[in-house]
Structure formats: C-alpha cells, structure tokens
Amino acid sequence: RVYVFGIATGGFMASRLACEKPDYFAGIASFAGATFADESKCKPTKGTTNFLGVHGTGDTVVPIEGGENIEGTKFPSFRESMSILSSAYGCKSESLDEDSFT
C-alpha cells in the first residue's frame, strides 16, 4: 500500500496525483496545497482514493483563500479545492464551520 503526503508545493503535487492517478494510491494527504483552478483538469479516469486536505488559516505563503504562485498560475481556495476533488470522486462535499475550530 502506497500513500502520498505533500506539504505546500508537495501538497499541490499530492492534489494533482489525486486528480490524475488515484488508483495508484491507498491514500493521499495534502497539507497547505490546492488542486487545479480549472475543474475540468481534475477528472480521474479510473479508481478513487482516500484524500485528506489540511490547511491553516494563517498561511501567508499558500493562502487558504487561494491566489497565484510566483509564476502567475492561479490556484483555488482550500474550500474550492475540496469541492473540486469531492465532485471528481462523486462524493458529497460537506462544509465545516471554521469558527468552531478557533
């Protein structure tokens, strides 16, 4: 069983693998990363995997609200990223009240 874990840029890589090769991995975790801003790029052709997304509200390098990287490539917010991945896997996306964690 193989698992992928990525932080920041590695979190972006982990999210990309969740979109492109989910059947290769037993689980994928993205910490402070996002997925494609273009939802059409996240279309797994076969299989699914377990996915864990974690992001801090105080992150100034990869803002939880989304933004763009140093090359000008836009990335979605954490909430949008989870929605894109949930949709790609056919899962129900549930929102959590962030105020309950502060």
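Strands E2 and E3 pair in the parallel sense over 5 bridges, where pairing requires that DSSP find at least two bridges between two strands, and where strands (E, at least two residues) and helices (H or I, at least four residues) are DSSP runs numbered from the N terminus. The model described here is predicted, so that local features need pLDDT of at least 70 and side-chain atom pairs count only at pLDDT 80 or more, while totals for chains, interfaces and linings use all residues. Residues are numbered from 1 along each chain as its sequence is written, and side-chain values use heavy atoms, with hydrogens and water left out.

**The sheet**

E2 also takes part in a parallel pairing with E1, through 5 bridges.

| Strand | Residues |
|---|---|
| E1 | 3-7 |
| E2 | 27-31 |

E1 has a covered face formed by Val4 and Gly6, whereas Tyr3, Phe5 and Ile7 make up its uncovered face. From E1 the chain crosses through H1 to E2, and this β-α-β crossover is right-handed, a term that applies if, with the strands pointing away from the viewer, the path from the first strand over the helix to the second runs clockwise.

**The nonpolar core**

The largest nonpolar core has 14 residues, and Val4, Ala18, Cys19, Ile28, Cys42 and Leu85 have the most contacts inside it; such a core is a set of buried Ala, Val, Leu, Ile, Met, Phe, Trp, Tyr and Cys residues joined through side-chain atoms within 4.5 Å. Helix H1 (9-20) and helix H2 (78-89) are the elements that give two or more residues to this core, and the largest share, 5 residues, comes from H2. Leaving aside residues up to four places away in sequence, Leu85 touches Ser15, Ala18, Cys19, Cys42 and Phe51, contact meaning heavy atoms within 4.5 Å.

**Val2**

Val2 lies in the segment before E1. Val2 counts as partly exposed because its relative accessibility is 46%, with buried meaning under 20% relative accessible area, exposed over 50%, and partly exposed in between (1.4 Å probe, protein chains only). Not counting residues up to four places away in sequence, Val2 touches Tyr24, Phe25, Ala26 and Gly27.
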